[in-house]
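Here's a quick briefing to read with the model open beside you. We'll start with a sheet and then look at a couple of individual residues.

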Amino acid sequence: MLAVLLTAFHLASAPAAPADIGPDISAEAARADLALAREALSRIHPGYDRYTSAETLDAAWALAEHRADGDVDRLYLDLSRILAEIRCDHTKAELPQAAAEARETAPVYLPFRFRIFGAAPEDWRMVVDHPGQTGLVRGEEILTIDGDAAGERLRAVAAFMPVDGFTDHVKPLVIAGTTEFLGSGFDHFDPMLNAFTQTVDLTVRGLDGEVRQVRARRIGYESFREIGADGRRFRNFSDPDMSGVDFPAPGVAVMRVDTFVNYRTPVEPEEVYGPLFDAVAEAGVETLIIDLRRNGGGSGDAQFGLLRRLLLEPAEPVRDVRVRSIDLTGLREHMNTWIPQALDPQPEYFNARSDGWWSVKPAFGGAQGVVEPHPEAFQGEVILLTSRANSSGSTSFTAALRETDRATLVGEPTGGSQEGPTAGVIYFLTLPNSGIVVRVPWQFTEQGVTDPVYGRGFDPDVRAPLTYEAWMDGQDPALEAAIALATER
């Protein structure tokens, strides 16, 4: 079937079946892959039944096993649906290697970028953000895609989008754009769910309200990445354009930190933060606005480096880092991860807990205890800009500021978890028959939050969402609200 996939991808206009991602296997082999994935997730994932009951997940596994007929496309989709039910943003299925390589060049991607406006799924509107070479115009609404209502296609993909807990308000963001899949969440899953051609037929409502038909050619991944972007797939904390500071009003600074990812091209956090805070000090800033709205998280050192620069007193942002099991028998040979020791965890790395779990010792990546303020920590008022893009490490950073009553939050509700993420070490489990790779988090990081709200991120103190009208007018409601708040003080 993979050969069929590659042939179909290069047909000029003949309708194709939903995009095949791998060759068929036997039904028995498909069920064996499901059994291995189920065993790994239920045994070692610290959030496996955190938000969805084991009974509900048992039923989902049983349905997938009943449906398993050796079709790898169906297997991938059924598995992705189950992983989304676990409600952990770090728990995903990756394509088999051959399919991932095919997706690098195959023209399955929409030739434009879009945003989703509308609070509830039934109200979602697919709006052109970057038109590419289509002749579309920014702000126009896509009404249908190949004859299907755009909203229906968006909602179908939403079922496969993993988010933390009950932060479903994050889904429009990952459907429209994410680096976690090859392309957006939509461009990853929609070709698997619908017949497609190398061209896409769109019904479009123009800015004048008139409705017209547009036909455009789908594009490959490299061309897709260039639309409205700089061509990068990944962003790093060390990239010079990932942070900066501006001074919009006397006594006010806006410091932007777009990522905490510091493991690909690591740098000492102070090399980034030092010059920024030096500039803030030299300007005599009284109110510092921290803009994390593009920051999805990343590395603890980058996160804590910024935290130290803002704390006025010692804090304990992480209470515990723990794992459900250290027994990888029967799983180890199918997994890899970036920390070799994690494939052979030794009891001396942990403290045994009374509930049967294991707390990671500080020397091996566990809770580091109290974080002390930097000697030159900022002493003024702090405002934190939040958005749906915040999850994992950026939400953990927000938790620490919130717990110390250090910042006023302005913007949108975040993703992530007040209780803490299931992430840290992530195992990459390769299912031997299909080649599908399942990401299985191993660690739960308990945040130092008093009475965290179950399954939720953080709500801002001042809500300032980006509406369609504000976006079209080039306004930034959250930043404007923050500056107004800063200058009133």
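Keep in mind that this is a predicted model. Let's begin with a pair of strands: β9 (residues 252-257) and β10 (residues 287-291) run parallel and are joined by 5 bridges. Within that pairing, V252 sits opposite T287 in β10.

**The sheet around that pair**
- Zooming out, β9 and β10 belong to an open sheet of 6 strands, ordered β8-β9-β10-β15-β16-β19, and its pairing is mixed.
- The edge positions go to β8 (243-249) and β19 (462-463); each has a single partner strand, so one side of each is left without a neighbour in the sheet.
- Helix α10 (residues 269-282) packs on this sheet and touches β8, β9 and β10. The direction of α10 makes about 10° with that of β8.

**H374, in a loop**
- You'll find H374 in the loop between β14 (358-360) and β15 (381-386).
- H374 has 14% relative accessibility, and the cut-off for buried is under 20%, so H374 counts as buried.
- Setting aside neighbours within four places in sequence, H374 is in contact with E270, R308 and R309.
- H374 and I25 are 349 residues apart along the chain, and their C-alpha atoms are separated by 57 Å.

**S396, in a helix**
- S396 is part of helix α12 (residues 392-403).
- If you skip residues up to four places away in sequence, S396 touches Q303, P421 and Q447.

How values were computed. Residues numbered from 1 in each chain as written. Predicted model: local features only at pLDDT ≥ 70, side-chain atom pairs only at ≥ 80, totals over all residues. Heavy atoms only, no water. Pairing = 2+ DSSP bridges. Helix = DSSP H or I, 4+ residues; strand = E, 2+ residues; numbered from the N terminus. Contact = heavy atoms within 4.5 Å. Axes fitted to C-alpha atoms, helices over the stretch in contact; angles between N-to-C directions. Buried < 20%, exposed > 50% of the residue type's maximum accessible area, 1.4 Å probe, protein only.
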